[in-house]
Amino acid sequence: MSRGRVVLVTGSTSGIGLGIAKEFASQGYDIGLNGFGERKEIQSIEREIKENFGVQVFYSDADMSKPSEVERFVGNANDVLGAIDVLINNAGVQHVSPVEHFPTDKWDLILAVNLSSAFHMSRLLIPSMRTQRFGRIINIASAHGLVASMNKSAYVAAKHGLIGFTKTVALEVAESGVTCNAICPGWVETPLVKVQVEALSSEKSLSQEEVIRDLILERQPTRKFVQIEQVAALALFLASEQASSITGSSYSIDGGWTAH
Ligand code: NAD
């Protein structure tokens, strides 16, 4: 008997991850949500997705910085949703500081959430993807997986690492019907960016509009934020049957940033 496809999205209570979860739900995927936030807000996200799209939704508050919690997420999601077809490694955190002042606990956290959680999720899900001879692993990297910016050493290292990890996994699973790709967004207006805009605004005594125009979008030739829905549409395509020959690739969706 055929069943609906299942997607797990790490860090999907907000921003890009939530947008991706909704896009997949709109196409009939059952959804495994994960991330932090107010319980009431998350319950309303779960309800909204179920009511709008008639799919199953499972939520886990597992902390992606901890391997045992990643195992809990995968185990519980398997119990509720069955075999997983698509894995979106999206959970991410940021901290901005010169390298010599970079707090070591922030370094460890960024590497754990932005890079190591993708390893743990992948190692746990690849065996069943191989068995069902279908799987899609999509890693949300960043323009910072391809180029650097000052004061973001941990994030840039983690995202470059994620692209290397993507290529290696793609080679290992290439004959098994499983693909592994990365998406590299430029600036997308989400809570992760809002915090940086607010910090720059007080540090440089500029309005938030000036920060966005002169500092943030200065890197992005289109001078526009990438839309969450645009990232989600690319993820959906990479998950499709038509994308079965695309593997080990990194897709820039950055308004021309990395064309510089
Ligand atoms: P966001 O802050 O809106 O969302 C991050 C999500 O990750 C939230 O759901 C949060 O609860 C979750 N999360 C954080 N720490 C976690 C942990 N330890 N365990 C489980 N979940 C955790 O951020 P966003 O902008 O939507 O970013 C999503 C991804 O996209 C990140 O990997 C980020 O690096 C990447 N990205 C964002 C941009 C951008 O401009 N916003 C650009 C390029 C790449």
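About 840 Å² of area is buried between domain 1 and domain 2, and carbon and sulfur atoms give 58% of that. Buried area here is the accessible area, found with a 1.4 Å probe, that two parts lose on being put together, summed over both. The model is predicted, so local features need pLDDT of at least 70 and side-chain atom pairs count only at pLDDT 80 or more, while totals for chains, interfaces and linings use all residues. Residues are numbered from 1 along each chain as its sequence is written, and side-chain values use heavy atoms, with hydrogens and water left out.

Where they meet, 10 residues of domain 2 are in contact with 16 residues of domain 1, contact meaning heavy atoms within 4.5 Å. How many salt bridges does the rule find across this interface? It finds zero between domain 1 and domain 2. The rule asks for a side-chain nitrogen of Lys or Arg within 4 Å of a carboxyl oxygen of Asp or Glu.

Now for the open spaces. Rolling a probe the size of a water molecule over the atoms shows where empty space is left. The search uses a 1 Å grid over the protein atoms alone: a cavity is a set of points where a 1.4 Å probe fits but cannot get out, a pocket is an open set with protein on both sides within 12 Å along at least five of seven lines, and lining residues have an atom within 4 Å of a point. Points are joined across faces, edges and corners, and a volume is the space filled by probe spheres set on them.

The largest pocket holds about 910 Å³ of space. Its lining has 45 residues, and those nearest its centre are Asn-90, Ala-91, Gly-92, Val-93 and Leu-192. Two or more lining residues come from each of α1 (15-26), α2 (39-53), α4 (104-132), α5 (153-173) and α6 (191-204), with α6 giving the most, five residues. Helices (H or I, at least four residues) and strands (E, at least two) are DSSP runs numbered from the N terminus. By class, the lining has 21 nonpolar, 19 polar and five charged residues. Here Ala, Val, Leu, Ile, Met, Phe, Trp, Tyr, Cys and Pro count as nonpolar, Asp, Glu, Lys and Arg as charged, and the others, Gly among them, as polar.

Domain 1 and domain 2 each supply at least three residues here.

What of enclosed space? The whole structure has one cavity of 30 Å³ or more, and the largest cavity has a volume of about 40 Å³. Among the residues lining it are Thr-10, Asn-89, Val-113 and Leu-162, and α4 gives the most, with five residues. The cavity lining has five nonpolar, five polar and no charged residues.

Finally, the charged pairs. Over the whole structure, 11 salt bridges are found. In one of them Asp-85 pairs with Arg-5, with 3.4 Å between the closest N and O atoms. This pair links distant parts of the chain, 80 residues apart: Asp-85 is in the loop between α3 (67-81) and β4 (86-89), and Arg-5 is in the segment before β1 (6-9).

Technical notes: Domains from an automatic or database assignment.
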